[in-house]
Amino acid sequence: MYSKDGEDYYIVDAHIALWDARPENQRNVHGRQFIDCFYDYHRNLSPESEVWGYEEYLYQGGERLMRDVFVDGIVDHAIFQPARLAEFYHRGFGQTEEAFALAQAHPDRLTYNHYWDPRDGENGLTALREAAERMNLRGVKLYTADWHGESRGWKLTDPMAYRYLELSQELGIRNIHIHKGPTIRPLDRDAFDVADVDHVASDFTELNFVVEHCGLPRLEDFCWIATQEPNVFAGLAVAIPFIHTRPRYFAQIMGELTYWLGEDRILFASDYALWTPKWLVERFVDFQIPEDMTPEYAPLTTELKKKVLGLNAARLYDLDVPAHLRLPDAGETATGPRQPAAADLASV
Amino acid sequence: MTALLTDRTAGYLESEVRAALGTVVDPELDEPITDVGFVRSVTVRGSAVEVHLRLPTSFCAPNFAWLMVSDAHDAVSAVPGVGSVVVELDDHHDSDLINRGLAAGLGYRGTFGHEAEESLDELRATFRRKAHTAAMERALTGLLRTDPGADVAAVTLGDLPAGEHTTDALLRRRAALGLPVDDGAPVLLHPDGTRPTPAEAPMALRRARSVRVSVDGNAHFCRGLLTTRYPGSEADQTPRPEDRPLLPLTVSKGTQP
């Protein structure tokens, strides 16, 4: 819980990882390139006081994770969203057993989401059944730009992906987190295209599709899809640290998301260990749309911040939020733009 | 004397090569690769030219990387007096593949094999449309800020302030897409170039705004990441052009901006 100015906030970090990018786990140069890319994101967007050394960035381990996220991090509950990256790392990037064991040791604090990949075929379906039972899965993280043998990407609309989505629905894996990375195949089209999310969200209405990084770098395509699909959510991982170096950009991201999706479908996430949650939560609670942008965007209310920081994710994962930290249901419309009266075009 | 002449010629050729590289645009950011610091080096020996490009991450999308590298090769090859041309992309996960394909003249499909279907023309066209949409939003939001009562659906090019950077930028992008540029032409258009009905107008402008926020935000982040990855590369960047003045993105100092 986080408290500021007489307001209490229930905090869910909807995207954390326990990764191992140490040299001994790197399978090839891409393993190094991948973690270097993360480290540059970290260095570029973090306040100076929050920057880690390169060595400690490669691997944190469970003990440090618990300290960073919960003791120092004022987070009530966090959700693992692992990336496999088996072509880049010998034992994968996300450490499945270590993270799952940690979640078992702290069930009130941690939820372990797993991953699946349609290119694993029939065997992968069997493995998903087993994992769902053993891990009591409520969600999965899908990385469509993961490499797999000769393939360097897949789409949610691939026929085999539909089989996995059907099975997810059957197994009660309701929350499908999607990271649209630079998917390489087919190379002809925009690598970050989110159009496939539109199709599956329409076809699997019982599932929630959380698009991580709110579709960045295609915020515009994401917003257009999400406004039409009531079961599409925006994850703020990677978007929220802009609050420090580029607060005016972050204001515009929040303004767009709030306009197109409303305040019930945006989820806070630190993307730990890319960043730590504490400073992000503190900054977000203090954040406001700059005054000179108010012709275009409405101010962010305390209620919106409470929902984004935890209550929205708590709803998706049935987390037991203490009564005094809850809010009455918002009663927003399911689709279409929100807050039209607050936009500059109300009079058009 | 000969050496002096050669130096002078090499210097001249290098500036011509750099000017040619200035015509190569990052389609996603709608900026010349020379402005964002993606040109790492230009070396001229006699008539032989070698250019190295760099990007903000190893995992930048390879299709955009290919477009910039192959456009750079074409632009440099067209400079009078240039003989052999080598253009290489450094430090990318597909550097070997792209550099080999370009050197061998394999083209897009020949380079990427089964991952390439037809061409990157549609991708390029998509981002030209986005560049236009963003320019349109900048012009219209500028107008709305001076005249909040303006009827967005009815605004024509003649209503925009002449000589303003935002107006000129919009006219250039319309011309590039073959859209009308006369004073009576409506400013607000759907991405496909058709005119929204008055009822559709508010949504069309809001969609355009999301495109502009996205393009500007990506441009700022990519510029920042490049300087984190390549310390000192900020010296090779020029500020984002003045035709994008709205809602400027103040950048406070990160750790390694």
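**Asking how we know: a sheet, a glycine and an interface**

Author: Let's start in chain B, where 3 strands form an open sheet in the order S3-S4-S5, with mixed pairing. This is a predicted model, in which local features need pLDDT of at least 70, side-chain atom pairs count only at pLDDT 80 or more, and totals for chains, interfaces and linings use all residues. Residues are numbered from 1 along each chain as its sequence is written, while chains are lettered from A and ligands numbered from 1 in the order in which they are written.

Reader: What makes S3 and S5 of chain B stand at the edges?

Author: Strand S3 (39-45) and S5 of chain B each have a single partner strand, so one side of each is left without a neighbour in the sheet. Strands here are DSSP runs of E with at least two residues, and helices are runs of H or I with at least four, numbered from the N terminus.

Reader: How do you know that S3(B) is joined to strand S4 of chain B?

Author: Two strands pair if DSSP finds at least two bridges between them. S3(B) and S4 (residues 48-53) of chain B are joined by 6 bridges, so they pair, and they run antiparallel. Along this pairing, B:Val39 stands opposite B:Leu53 in S4(B).

Reader: Why is B:Gly81 called partly exposed?

Author: A residue is buried if 20 or more other C-beta atoms, placed from the backbone, lie within 10 Å of its own, exposed if 12 or fewer, and partly exposed in between. B:Gly81 has 13 other C-beta atoms within 10 Å, so it is partly exposed. You will find B:Gly81 in the loop between helix H2 (62-77) and strand S5 (85-89) of chain B.

Reader: Which residues does B:Gly81 touch, not counting those up to four places away in sequence?

Author: B:Gly81 touches B:Leu13 and B:Ser47; contact asks for C-beta atoms, placed from the backbone, within 7 Å.

Reader: What makes chain A as compact as a globular protein of its length?

Author: The globule rule is 2.2 Å times the number of residues to the power 0.38, and the radius of gyration is taken over C-alpha atoms. For 348 residues the rule gives 20 Å, and chain A has 19 Å, close to that, so chain A is as compact as a globular protein of that length. Its secondary structure comes to 12 helices and 10 strands, and buried residues make up 53% of chain A.

Reader: How many residues of chain A are in contact with chain B?

Author: 44 residues of chain A are in contact with 49 residues of chain B. H1(A) gives the largest share of the chain A side, 8 residues.

Note on methods
Contact = placed C-beta atoms within 7 Å.
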